[in-house]
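Dear colleague,

Please find the structure below, handed over for your use. My notes on what was found in it follow directly after.

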Amino acid sequence: QPAFCENGELLPMRPFEPLFRNPHALTILGNFWPRKYDFAQFPLENRLIRTDPDTQVLVQTQYPKSTPAGEVVLLHGLEGSGEAGYIRSMAWDLLQDGFVSHRFYHRTCGNTEHFCKTLYHAGLTSDLLVFLQQRRKEIGPDVPLLLCGFSLGGNVALKLAGELGETDLIHGACAISTPIDL
């Protein structure tokens, strides 16, 4: 299955083969199934990104061992964090496949309340936009930069992609279990 285009070539993705086909069983088991990842080989780099004069958001970045195939910004759901099981498992798979993984914390999440005066919400895309613009300057125009949002984070990813329209800032966006009709 194709992942995305880079210089006109399609990059392959590993096929997804779930242990169980029942979505209800997957939801329940996914929450309670112990996941153990050895992230020691991929140390977390913590960065505070100033998005406006009164706001800083936390971004935790991990780099693969090989030359990166691209970069993915992971957006957690309501009251989540970069330590949520779904974020950790996605970060692990991204690193294994050679992608840089950025765990983006929405303002006030993950014990970052003291870095801002206001709360985040499903329509707040400005913090993410500032980070993406800063990251694009750091990595240049040719490195694929992608968004992957879960639940409320998926809403933020889709909203920002819609606001940007045709853009060179990001190469794609993915939303998982997104509350479209809030």
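Helix H1 is hardly covered: of its 10 residues, the number that are buried is zero. Here, buried means under 20% relative accessible area, exposed over 50%, and partly exposed in between, with a 1.4 Å probe and protein chains only. Helices (H or I, at least four residues) and strands (E, at least two) are DSSP runs, numbered from the N terminus. This is a predicted model, in which local features need pLDDT of at least 70 and side-chain atom pairs count only at pLDDT 80 or more, while totals for chains, interfaces and linings use all residues. Residues are numbered from 1 along each chain as its sequence is written, and side-chain values use heavy atoms, with hydrogens and water left out.

Six strands form an open sheet of mixed pairing, in the order S3-S4-S6-S5-S7-S8; two strands pair if DSSP finds at least two bridges between them. S3 and strand S8 (172–176) are the edge strands, each pairing on one side only. Strand S7 (residues 145–150) runs parallel to S8, with five bridges between them; Leu147 has Ala173 in S8 as its bridge partner. Helix H4 (residues 152–164) packs on the sheet and touches S5, S7 and S8, where contact means heavy atoms within 4.5 Å.

The aromatic residues deserve a separate paragraph. Rings of Phe, Tyr and Trp (its six-membered ring) pair if their centres lie within 6.5 Å; planes under 30 degrees apart count as stacked, over 60 as edge-to-face and the rest as tilted. By this rule there are six aromatic pairs. One of them is the tilted pair of Tyr37 and Phe39, at 5.7 Å centre to centre and 55° between the planes. Phe39 also forms an edge-to-face pair with Trp92, at 5.4 Å and 85°. This second pair links distant parts of the chain, 53 residues apart: Phe39 lies in the loop between helix H1 (23–32) and strand S3 (45–52), and Trp92 in helix H2 (residues 85–96). Both Phe39 and Trp92 are buried, whereas Tyr37 counts as partly exposed because its relative accessibility is 23%. Tyr37, Phe39, Phe42 and Trp92 form one aromatic cluster.

Yours sincerely

Key:
Axes are lines fitted to C-alpha atoms, for helices over the stretch in contact, and angles run from 0 to 180 degrees between N-to-C directions.
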